[in-house]
Amino acid sequence: MIPFIDLTRQHAGLRAELVAATARVLDSARFVLGPEGEALEAELAALAGVRHGIGVGSGTDALRLALTAVGVGPGDEVLTPAFSFVASASTILMAGAVPVFVDVDPATFALDPDAAERAISARTRAVVAVHLYGHPAPMDAVGALARRHGLAVIEDAAQAVGASYAGRPVGAWSDATCLSFYPTKNLGAAGDAGMVLTDRDDVAARVRRLRHHGDGGRYRHVELGLCSRLDEMQAAVLRVKLRRLAAWTDEHRRIAACYDEGLAGLLLVRPVERPPARHVYHLYTVRHPDRDHLAKQLADLGVGTAVHYPLPVPGQPLFGGGGEGRWPEAWRASREVLSLPCFAGMRDEEIHAVVRAVRLACGGA
Ligand SMILES: *Cc1c(COP(=O)(O)O)cnc(C)c1O
């Protein structure tokens, strides 16, 4: 059996360091907002080449607070891709605004900048660019569009820490960038955690305030915020893992290269890495016209797979469902995508076994 993901492999070589890091926090008895979190904020800001990192409770809260911090509120519309994890849109509702769904580029799953431009109204305030599966959205085009229409740009980099576009890291292209440290993400905590990255002093100050009850200092609450702070245990774990991130990214890229080579010539669409994007392959997601049958065959051959995501965002019951005619690429993607195992610590024989199984299932053995 080849699992879709096995996080115990990541932890095996790090156990002693992780235990020491969490013991350090326990002994310090500082658990919420402390030196580990501040160090992690500085390290991740430096990785993106921006001045501020603000640790929060999850990637979802990072998006939710970043939206408010860049000025999104009731009455505003925010452009977001029709194909993503639900949080790329639900957080817009949480911020009191209205998500306006934009169909995606079928090759990269990023929001299509031309379709985004057509969706702009007098109320549009911001655009959320999602680096889905670890492939950066076309940030030059998104930035140009935002400048033409006076929009704020938010990067949803929950799946793309360490990726870059035109040699510039994700996080350096926007007013605010959101990271998720959900355990299965490329940089995963031992629980929930997230971060906002920004080069803007005003956005950083606002997120800092909003993550702690809108506290303007000394129990003086100036606006409605959340209770969403990064805890020291998670920060300490993440700092140990951050030192491995570049090596793990190389592993993801190597697995992707093996799949690209091994799966060539099949009736299946492989993911692209479209220059000048540098993909981190958080997920290696193929497309197949008979996805469910392929997934079943692979399961029978002992290969775990997953579907990210079986419904486009506007197709979710939360958003009313439907819209096949309005967002055809998002709907087609939701029927065709299948993610193959791609995780740090995967063994060569497992990678080759996945290739053999997919070739067999696709009749190209
Ligand atoms: C995981 C994820 C989020 C939310 O992050 P959480 O830490 O789970 O709250 C948001 N957007 C995308 C694209 C994600 O993959």
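How far is an oxygen atom of the ligand from an N or O atom in the side chain of lysine 185? In this predicted model, the separation between the ligand oxygen and the side-chain atom of lysine 185 is 3.1 Å.

## Ligand surroundings

Aspartate 156 places a polar side-chain atom 2.8 Å from a nitrogen atom of the ligand. In glutamine 159, an N or O atom of the side chain is 2.8 Å from an oxygen atom of the ligand.

## Domain organisation

The protein chain comprises domain 1, spanning 7-242, and domain 2, spanning 245-361. Their C-alpha centres are 24 Å apart. Contact between the domains involves 43 residues of domain 1 and 38 residues of domain 2.

About 3,400 Å² of area is buried between domain 1 and domain 2, with carbon and sulfur atoms contributing 64%. On the side of domain 1, the residues that lose the most area to domain 2 are Arg9, Tyr133 and Asn186, which together account for 23% of what that side buries.

## Interactions across the interface

Two salt bridges are counted between domain 1 and domain 2. Arginine 9 also takes part in a salt bridge, with glutamate 350 as its partner; the closest N and O atoms of this pair are 2.9 Å apart. Across the interface of the two domains, 20 residue pairs are in polar contact.

Several elements each supply at least two residues of the side of domain 1 that touches domain 2: helix H1 (8-12), helix H5 (87-94), strand E3 (98-102), strand E6 (164-165) and helix H9 (232-242). By residue class, this side of domain 1 consists of 26 nonpolar, twelve polar and five charged residues.

## Backbone features

Most peptide bonds are trans, and most residues other than glycine have a negative phi. The peptide bond from proline 275 to proline 276 is cis, with omega near 5°. Proline 276 is located in the loop between helix H10 (245-262) and strand E10 (277-278).

A cis peptide bond is also present between histidine 308 and tyrosine 309, where omega is about 15°. The loop between helix H11 (291-300) and helix H12 (328-336) contains tyrosine 309. Phenylalanine 109, although not a glycine, has a positive phi of about 70°. This phenylalanine 109 lies in the loop between E3 and helix H6 (113-118).

Technical notes
Residues numbered from 1 in each chain as written. Predicted model: local features only at pLDDT ≥ 70, side-chain atom pairs only at ≥ 80, totals over all residues. Heavy atoms only, no water. Domains from an automatic or database assignment. Contact = heavy atoms within 4.5 Å. Buried area = accessible area lost by both parts, 1.4 Å probe. Salt bridge = Lys/Arg side-chain N within 4 Å of Asp/Glu carboxyl O. Polar contact = N/O pair within 3.5 Å; in protein donor to acceptor, adjacent residues only side chain to side chain. Helix = DSSP H or I, 4+ residues; strand = E, 2+ residues; numbered from the N terminus. Nonpolar A, V, L, I, M, F, W, Y, C, P; charged D, E, K, R; others polar.
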